[in-house]
Amino acid sequence: MPKVRHFSIAAKLLIWACALIIVFFSTTAFLFWQVRQDAEVSRRIVTENHDLDAAIQRMLERLYSVQDNIRRYRLLGGDEAAVDFIVEDLTRFGEILDETLKKHPTYTNEWKELTQEYQLTLNPGENTDDNLAPNVTVREWTDILEQSLFDNATDMENRLNSLHDAGQRAADIGLYGLLACLALGVGGGLSLAWFLNRSLAEVQRGIRDLGTGATPRDVRILSGDELGELALAFNAMAARLRREEQMRSDFIAMLSHEIRTPMTSVREAVDLIESGTFGDVNDKQRKFLQIAEKESARLSDLLTRLLSVSRMESETLELHIQDTDGERLVTSTVERLAPAAEAKGITLISEAASMTFRADPEHIRQVLMNLVGNGIKFTPKGGCVTVTGTIMPDEIVFCVHDTGPGIPEEEQSRVFQKYYREPQIRDSVDGAGLGLAISKRIVLAHGGRIWLTSEPGHGSKFCFSLPIKA
């Protein structure tokens with residue numbers, strides 16, 4: 001099956017930009033062409049129609065004057081002044097006609113009769129009506145010019161209408177082009193941003209989950225561009241991390257099982273020797289045997305924690321939900337850890353309210369043991385560790401507040417990760433960095449949440465909440 005080619009981000013942006021540029025320049029080119037056309041029409045109206053209209057109006061004025069002077073000459077029985085006016089008007093009429101035909105040669109055939117030789121009869125008629133009647137030749141010229149004036153006005157009106165229509169069309173095209181540019185610019189930009197952000201959000205979610213220390217999960221591949229390739233690479237990395245995590249869990253489980261048996265034998269042997277089964281033991285020997293027993297117990301506890309993490313990573317955590325007395329749970333936890341607190345000179349305070357909720361009591365006790373044990377471990381001599389239990393409308397909240405050195409803000413987001421230990425106490429306090437990771441897994445399995453508030457120099461406060469009805 002051939003590989004489907006997808007557009008890269010750069011190609012998508014280029015296509016979007018080209019479409020926007022094409023629409024913009026197409027609209028601009030059309031408007032420029034339309035303006036040129038309108039300018040040409042306007043020029044023709046001014047240089048042709050308007051000029052011709054003015055010329056015809058002047059020629060008609062001269063012809064009307066000729067008619068009036070002919071009537072005057074006839075009625076007055078021969079007025080030499082009227083003859084002079086007639087000659088002057090006809091001369092001026094001829095000059096205007098020649099100028100007009102030079103500018104508008106298309107009227108040469110139409111005005112052919114105006115340029116031919118003519119003869120005007122000025123003799124008076126037999127009666128007044130004959131004297132008042134217009135001269136036939138001049139009337140024919142007037143009719144020709146009036147028809148030309150009407151035709152020119154009609155042509156001017158048509159051109160003005162076409163100019164108006166062209167302007168309206170240009171306005172519509174400009175508006176449509178602007179809307180298209182806005183649609184492509186805003187709509188296309190938002191669409192590209194949505195598609196890119198959707199793919200990027202998937203990768204960000206995977207990276208954010210990975211940063212919290214959770215088991216990396218595959219992200220959805222929503223595009224075939226560089227972000228899709230990034231999501232594909234992230235999924236490959238997540239799969240490799242899951243395989244490595246599984247291999248590490250399997251190795252820890254195997255190692256814990258393999259070491260537990262000889263460790264049990266060592267502890268039993270130390271107990272037998274310390275009890276004097278094989279002979280008397282002096283004080284110095286008993287001191288070192290007690291150190292060996294203490295270290296064996298610490299190593300056994302570490303193996304237990306490693307096994308707990310291994311089982312949880314294998315998703316084999318089983319909860320036995322039952323009615324649980326919160327006050328008794330806190331009290332028993334404090335009683336079990338009281339010797340360790342007294343050994344360090346730390347005051348251990350229990351302030352739990354009377355409450356009952358649904359949970360696995362052994363696992364919740366383990367969470368409290370981890371949190372209170374950490375409080376005792378990191379609180380200096382003379383300090384105080386307070387354990388509280390509060391009932392809310394829908395949940396139970398347990399908090400452990402110590403007076404230790406506190407946790408820097410930049411480290412707080414990583415304290416619940418497996419094997420993490422704060423750099424400042426890494427070399428001074430024992431531990432494998434598993435207690436908080438185990439506690440978080442147990443709390444989340446109950447449908448609760450766990451968090452901390454801390455400020456360097458003012459201690460730390462670890463809290464977790466559980467729903468009243470699991």
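## Cysteine burial

Cys181 counts as buried because its relative accessibility is 15%, under the 20% cut-off for that class. Cys18, by contrast, counts as partly exposed because its relative accessibility is 36%. These values are computed from a predicted model.

## The disulfide

One disulfide is counted in the protein. The bond joins Cys399 to Cys463, with an S to S distance of 2.1 Å. The link between Cys399 and Cys463 is right-handed, with 115° about the S-S bond. Distant parts of the chain are connected by this pair: Cys399 lies in strand E5 (residues 395-402) and Cys463 in strand E7 (residues 460-467), 64 residues apart. Both Cys399 and Cys463 are buried.

## Packing of H9 and H11

Helix H9 (residues 361-378) and helix H11 (residues 435-445) have axes that come within 9 Å and cross at roughly 145°. The crossing of H9 and H11 is left-handed. On the H9 side, the contact is made by His363, Ile364, Gln366, Val367, Asn370, Leu371 and Asn374. H11 contributes Gly435, Leu436, Ile438, Ser439, Ile442 and Val443. By class, the contact of H9 with H11 comprises seven nonpolar and six polar residues, with no charged residues.

## Overall architecture

The protein contains 11 helices and seven strands. Of its 470 residues, 35% are buried. The protein exposes about 28,200 Å², of which carbon and sulfur atoms supply 57%.

Among contacts in the protein with a separation of 6 or more, 73% are accounted for by residues 24 or more positions apart.

Definitions and conventions. Residues are numbered from 1 along each chain as its sequence is written. This is a predicted model: local features need pLDDT of at least 70, side-chain atom pairs count only at pLDDT 80 or more; totals for chains, interfaces and linings use all residues. Side-chain values use heavy atoms; hydrogens and water are left out. Axes are lines fitted to C-alpha atoms, for helices over the stretch in contact, and angles run from 0 to 180 degrees between N-to-C directions. Helices (H or I, at least four residues) and strands (E, at least two) are DSSP runs, numbered from the N terminus. A crossing is left-handed if the near helix is turned anticlockwise from the far one by less than a right angle, and right-handed if clockwise. Contact means heavy atoms within 4.5 Å. Ala, Val, Leu, Ile, Met, Phe, Trp, Tyr, Cys and Pro count as nonpolar, Asp, Glu, Lys and Arg as charged, and the others, Gly among them, as polar. Buried means under 20% relative accessible area, exposed over 50%, partly exposed in between (1.4 Å probe, protein chains only). Accessible areas come from the Shrake-Rupley method with a 1.4 Å probe; for residues, only the protein chains shown count as cover. A disulfide is a pair of cysteine sulfur atoms within 2.5 Å.
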